[in-house]
Amino acid sequence: MKLLNDNKQFKKTLELFDKYKRNNTEAFSSCIITQALKACTHLGDLERGKTIHRHLISSSTKDDLYVTTSLIHLYMQCYDMASAELLFDAATKKPLAVYGAMMKGYIKNKQAQKAINLFNKINKPNDIIINLLFYACAQLRTPEALNLVKKVSNKIPKSFHSNLSLITSLLDALMKCGDIKHAESLFDKSINKTLDMYGAMMKGYIKNNHAKKATDLFNQIKNPNELIINLFFNACAQLKTPEALKLVNKVSNKISKSFYSNPFINTSLLNALMKCGDIKQAESLFDKTTNKTIEMYGAMMKGYIQNNQAKKAIDLFNQIDKSDEIIINLFFNACAQLGTIEALNLVNKVSNEIPKSFHSNSILLNALLDALMKCGDIKHAESLFDKSINKTLDMYGAMMKGYSQNNQAKKAIDLFNQINKHDEIIINLVFNACAQLGTLEALNLVNKVSNEIPKSFHSNPLRITSFLDALMKCGDSKQAESLFNKITNKTIEMYGAMMKGYIKNNQAKKAIDFFDQITNPNDIIINLLFNACAHLRTPEALNLTNKIPKSFRSNPLIIASLLDALMKCGDTKQAESLFNKTTNKTIEMYGAMMNGFNLENNPIKTLNLFKKIQVDNIQGNIIIFHCVIKALSQTGDYELSQSIIKQILNSSSINNQIQYALIDMWGKSGHVNLAKEIFEMIPQPNQTEYTAMINCYGLNGMGVQAIELYYKISKEFLDEGIYICVVNACSHSGLVQEARLIFQSIAMKTEKIYNTMIDCLSRASLFEEAQKLIDQYEHNHSPSIVMYMALLSGARVDKNSHLSQNIYDRMRKNFPKMKNPLIAAAVLLANTYASSGDIEKASDIRDELHQSGQKKKMGLTWTAQFRAYDFTHPRSKEIYAEIEKLSAEIIQHGHQYDSSWITRRLNEGETVASALCGHSERLAIAWNFVANPNASRIQLTKNLRLCGDCHQATKLIAAIRKCEITVRDANRIHHFSTDGKCSCNDYF
């Protein structure tokens, strides 16, 4: 029986035992009982062992040391601690072997503290007992355990120091308890270093994230065994560097081929290759392996997930006949990474097929919850979570993380409040949820939790980082700065949290100052720097982008953020050059360029890039679709919008995420009915969707409808954006009293809300009331140039040159450094003088602007792009002939050209009619009739405000030619109908 046990033939041991039992009626010897129990232990056959205990152990062997020890070992290894403890307590004599069996059992059952408590009862422990104590302390990994290790190691007899096994377990305990220096000192002093000692040190280095030290130690070993090679590959896997990959290849080529028959070596090699990013070599090795183990499949699946190739992990899963719990766990992780409807369907299918026994596995259940949440099936996840009886902290964590990822941070916080004892991960997640909310209530919770958590949590850099992030995102920069300044060992992640927070709080300059403090920035920090530069949009920020080493430009995310910074800082040429030189363009790079083109009002380039994405068969995402819709909003071209939107909706399963953008687009192209259709399809509109619809009504002169919708909105949704849009809608429809009532009802009036109300009063020529509102605002705030521009614009419409001059003089006094707004104000002032008949004064102002090198904004109109007095179009002769024709028609119908809209001296040979007919909007209308003489609908977009004469002429053209004309100017949309009326009722 002993021989069979020694050869691990435990079933044959028990078969022999049964044969002996049948042929012998006398009591069994302790030797036979011990061997039988040993076989039961290795097979995990607790019931068989219990039968031997109850029926076959005689009174003579009951108190036998070997039998008692074997029984305790059986019960402990089969996780029946209660029976083992009963045996131990009942034993009259407790030799060291019995204590050893109990301690070993406690360690096996992850009850290391009980093992230590038992050790403290022993008077004279031998080297085996001390060895077990070190194992128990290694399992605990606490400061108290470390102190005990040191205390015992200092007390043990010197003779014990020659026990290499004991030295190995001591090294293991020191490393696992985090005392690397002590372990290194002991290791260096050891003369006869064994492979086990090297293994303990390497394992410890890996555990303490010192993988480089593990590989350095490996290089000292002449003849590594399989365990050492396994640890070496694990160290390289942790490093994940090109250098580590070179080491992996070097060692894998040198080791004996016999090692490759070891599935553990193969698995760790696959793991190292995948984590170092060499997927092709890993795939090659995997494909060549004949006897693939479940662990190898696991290493490949895990590698695919870590390399963002979840689809390949799922394909590999489908090749496995019998998946274990680890493989299913990885499968759920892969589906979670994909986060698609197809992945969700797979999750549901597999979760219904797995054995019921798997459902008791909390780790698996946790992965399933995570997959459901990341695939967006919150209800299913909630149902599964609610049904779970034994909820673990990991499950709470998966749910909280899922809520945050699905923008339901409030639910994450509610779940946090149900947990009695929080661990560090849960604390981290609640800070993340509070950071997402960014409210005063969230800030209060952050402070409450941070004050209540144990001080030991504050030594965790990850917790501090998430704490800083939450404080910054909740707007408490001062407290975050105070905490950051107190930290002695600042990590790169902490700097990142502060920089990100400054950017969010519109303090990009501070983010750049923080960057200057960092010695070795990583890719994330460089990315944040470019984000900060993009926010500043200054020449200084642009210069800073050029100082970053080109070595960082191998990262596609870095390139995308650099493109974004260049575009927002106005260096379009450099951005286009970098974009064109980049071979492997990502969707993020396209997004950065498209967004940049939109910001500089170049929608055609945005749409051209979208065409390139389609030609190159690149999958668009929500950001790209938003850029395209924004570009279409800028063009205001109905037919183009309709054709492209059909393509987007056909290729996108995320229509609900672009609804507000579509409402905005159709509103800006003058198709309120289409915008309203989309809005009414939304079962519960959110803040953004309400804002878009009210703005749509306002732009199109439908102030009454905007007000009606405003009063239907829940109070909790009312914010600055909605207030601005509804007051603006009143402004464009002349509903001054309604605007007053809404303005008076607003508790927290921001600068932008004041701006909009002053614009409304100025449009109605209520200048005294508008000035009182400015005075009221300036009582507690610095002057705002936007308010004065609104007042000046109103005075221009009223042709009040005296008031305009007064306003302009105040603007020059209050805002002497605001160059561009003052140029716009000077142009408005000149136009006011011209419209009131003082052409000389208007010309003087224009001459002054010209001499100073300042240029006014040129009027442009899009259908095909025209500028004023444009002769560049290939069919210019036909266009100007059509202009003459239209002029004759409107004069015949009573039109008189209004010279007050000419804001300059007439050139030689120029008439009032020819000067006004050369405006870009007139040319665009004429071109449409040249291209299609029977046009029934024309749509134009103009970058400046429509001139009064063009407005009057367009009403007549629409009536004479029986053609609906829609013109979107800088302020609103004009719908000219075939009955000769405009939707603005001449209020613009």
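View 1. Searching the whole structure turns up 31 salt bridges, each a side-chain nitrogen of Lys or Arg within 4 Å of a carboxyl oxygen of Asp or Glu. This is a predicted model, in which local features need pLDDT of at least 70 and side-chain atom pairs count only at pLDDT 80 or more, while totals for chains, interfaces and linings use all residues. Residues are numbered from 1 along each chain as its sequence is written, and side-chain values use heavy atoms, with hydrogens and water left out. Here, Lys-374 and Asp-370 join their side chains in a salt bridge, 3.4 Å from N to O. Both belong to helix 24 (residues 362-374), where they sit four residues apart, about one turn of the helix. Helices are DSSP runs (H or I, at least four residues), numbered from the N terminus.

**View 2. An aromatic pair, Phe-187 and Tyr-198.** The model holds 22 aromatic pairs; rings of Phe, Tyr and Trp (its six-membered ring) pair if their centres lie within 6.5 Å, and planes under 30 degrees apart count as stacked, over 60 as edge-to-face and the rest as tilted. Phe-187 and Tyr-198 have ring centres 5.1 Å apart and planes at 80°, so this pair is edge-to-face. The pair links distant parts of the chain, 11 residues apart: Phe-187 lies in helix 13 (residues 180-189) and Tyr-198 in helix 14 (residues 195-207).

View 3. The domain assignment gives domain 1 (750-856) and domain 2 (864-982), with bounds from an automatic or database assignment. Their C-alpha centres are 28 Å apart. In the contact (heavy atoms within 4.5 Å) are 14 residues from domain 1 and nine residues from domain 2. Together the domains bury about 940 Å², 40% of it on carbon and sulfur atoms; this is the accessible area (1.4 Å probe) that two parts lose on being put together, summed over both. Arg-763, Arg-796 and Ile-839 supply 33% of the area that domain 1 buries against domain 2, more than any other three residues.

**View 4. The side of domain 1 that touches domain 2.** Zero salt bridges are found across this interface. Helix 50 (785-797), helix 52 (819-835) and helix 53 (839-851) are the elements giving two or more residues to this side of domain 1. Helix 53 gives the most, with six residues.
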